[in-house]
Amino acid sequence: MKRRGFLKQSSLLSIGSLLIPSVYMSACRKGNLFSDIDYKGKVVIVGAGAAGLYAGYILKSKGIDFQILEAGANFGGRLAKLTGFANFPIDLGAQWLHGKNNILGDLIKKSETKITLDESDAKFWFNNQLVTELPRDVNIFEGDNLPDISFEEYAIQQGLGNEYKFVVENLAGDQGADASTLSVYYNNLEEENWSSGDDDFKFQETYFDLIDKEIASHVSDKIVFNTVVNKIDYSNDEIKIHDINDIVFQADKLIITVPISILKSNDILFQPTLPTEKTNAFSKIGMGAGMKVFLKFSNKFFDQNIIGGSICAAYADDSVGKAQSDKVLLAFVMGEQAEYLTSLGSDSAITQALLGELDLMYNGQATASFLAAHVENWTTNPFIRGAYSYSTVGMGNARAIAAQPIDKKIYFAGEAMNLNGHHQTVQGAIETGYREVIQLLNDVVK
Amino acid sequence: MRKFAAFLIMFFTAFLVLSQETKIEGGLVYMFAPQWDKAIQTYNFSRPFLENQQPLFDIGGGISATQIFGSKNRLKHGFSLSGFSLESRAKNESFENVLRLGILKPTYLMHFFNSDKTSGLYTEFGLSLVISVLSRKVNGSLFDFNEGRYRAYGIGGEISNKVGYRFEKKGKLSFSPFVALAYTPYLYSPNTEGLINQTQGLASKSWTPIFNAQIGVSFGL
């Protein structure tokens, strides 16, 4: 072979050996998961909260048949909206966007939804007076080598006396828990996976509006309301989902997105029964009581945030981040404090208890300028029964076990099933919604 | 500082004196990193509200500088420093997302050259340290994916093979087209998913293998 011929052939061979596999691999590589999926089965989703709505939204984008069964008369789960109470719309449930480095941050940018960084100041109710700073740093619940004991016990161990009780209760309340049951170790462990960013944002409209306009609107025609599921029979290939009126829905795959409180309380009978390991995992995930009380006043006598009350450990000016400015103070009540207020038996008793505490803090100005109240008690809502999930002492890997699918038929989503540190949040619920659809479709194609 | 500067000058002087050939290379790179594909695929899957999907990292460009040291043997040794850049851009209404990946590779290489004057065929085997830097811009602003962190770094090792044909010009000047294949069995990049899909451990592993192929030209000095 002449030199020119050799060069030509070897060059072509070399280029071909490189380009042909490259072009082939490029063609094989799809930009999306399951881009060619053609699943003819039916998926039923139980629960029209953020996780259920988003799972439906994803299934719709893939052309898969689905139905969402919702126990209540509205979608949104722990997202809800109140209008007419003030001159701005009020979030009855989830209110703050905790960090915007997540899928909702992308959705907010895409939809040009208006949000505002919440930089409101805080005062502490400490030793019966309002102070701007505490004598001691209470940020002791983060770091290495933390023990698996409760916030309350650890605070005492670290020398935070009884005067700090309700400040610590506020920190636990942020996690939806009592200080006596929230684990220092597991809470810190799960917080280490947090990757959404530290800043909190408020919506000029409401969180509910974002979910309604950008997600629920795509799937609202697929929601069957007032359908309280009480039995799931997955003993055969076809899953039968029974509601309390004995209406039976059939599915090939089922995604359960109900709050962990519902799974813990055995409101839904599974046939065959779920593995003991699974039900034990449910019981280890905490979910405490929670309520939001909105107090409307004629004068703005209160600070932007008040931390450490014995009736309510966290008050917040609800007008922060809103375009209008009626004087509305939110009492964000969690754990034992929410249980106590619930035990008072009526909204007016709850309101009076809170006004009494505020009068003590602000020399009687609360009662003097009080106009109206709205109590949203998530604990007494039969389809929610609490605030959000938290990490209990001795929890171990309960979330991971709880989130495991059953027999490639039943999948578990919702904020309590988030394993990426985003539990307790709307973005966390959404992440589990699409995560479980990925899992489901992986099982379909295998 | 002076001692260090003097050391550097001596080092590079020795480097140039000892080197038989200096090469500047440029070319196109095809890259396949399966775990990074998964992160982008999950991003696309989970965001049906974006009309245009994020492309996978696929084709990019790269340059490198190589020093081959003098020897009478057919096997020579050398070092090279390579840089590659790949971009993934998706423009949606109100949401433009750009991922930029840069890869830097210092490489020790073994250069085999057929001393037969009738053939300019050569091949190089390389062992590289691979450093990757991934950043994201959303609507033109550098994306802070976790409390002041703007870039996801990765580190790993690579083996590579290059085949080229050298056309001698005047003196030491030469020109050679080449093809190269490289394999990185393990590149540790724990924050890549956090930057792309804004989750940790949901879409992909904290490490990825990388396959890449390159086609280019080399100019010898």
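Colleague: How many positive and negative side chains does chain A have, and how far apart do the centres of the two sets lie?

Modeller: This is a predicted model. Chain A carries 39 positive and 55 negative side chains, with the centres of the two sets 13 Å apart.

Colleague: What does the C-alpha trace of chain A span along its principal axes?

Modeller: About 100 × 65 × 45 Å. The chain holds 14 helices and 23 strands.

Colleague: What share of the residues of chain A count as buried?

Modeller: A residue is called buried when its relative accessible area is under 20%. By that cut-off, 57% of the 446 residues of chain A are buried. The accessible surface of chain A is about 18,600 Å², and carbon and sulfur atoms account for 48% of that surface.

Colleague: In which order do the strands of the open sheet in chain A stand?

Modeller: The seven strands run S8-S7-S18-S19-S20-S17-S21, with mixed pairing. S8 (129-131) and S21 (370-377) of chain A are the edge strands; each has a single partner strand, so one side of each has no neighbour in the sheet. From one strand to the next, the twist averages 20 degrees.

Colleague: In which sense do S17 and S21 of chain A pair, parallel or antiparallel?

Modeller: Antiparallel, over seven bridges, S17 of chain A being residues 290-297. Met291(A) is opposite Asn377(A) in S21(A).

Colleague: Which strands does helix H10 of chain A lie across?

Modeller: H10 (residues 335-343) lies across S17, S20 (327-334) and S21 of chain A, at about 105 degrees to S20(A). Helix H11 (residues 347-361) of chain A also packs on the sheet, and its direction makes about 65 degrees with that of S17(A).

Notes
Residues numbered from 1 in each chain as written. Chains lettered and ligands numbered in written order. Predicted model: local features only at pLDDT ≥ 70, side-chain atom pairs only at ≥ 80, totals over all residues. Heavy atoms only, no water. Pairing = 2+ DSSP bridges. Helix = DSSP H or I, 4+ residues; strand = E, 2+ residues; numbered from the N terminus. Axes fitted to C-alpha atoms, helices over the stretch in contact; angles between N-to-C directions. Contact = heavy atoms within 4.5 Å. Buried < 20%, exposed > 50% of the residue type's maximum accessible area, 1.4 Å probe, protein only. Areas by Shrake-Rupley, 256 points an atom, 1.4 Å probe, with all protein chains shown as cover. Lys, Arg positive; Asp, Glu negative; His and termini not counted. Charge placed at Lys NZ, Arg CZ, Asp CG, Glu CD.
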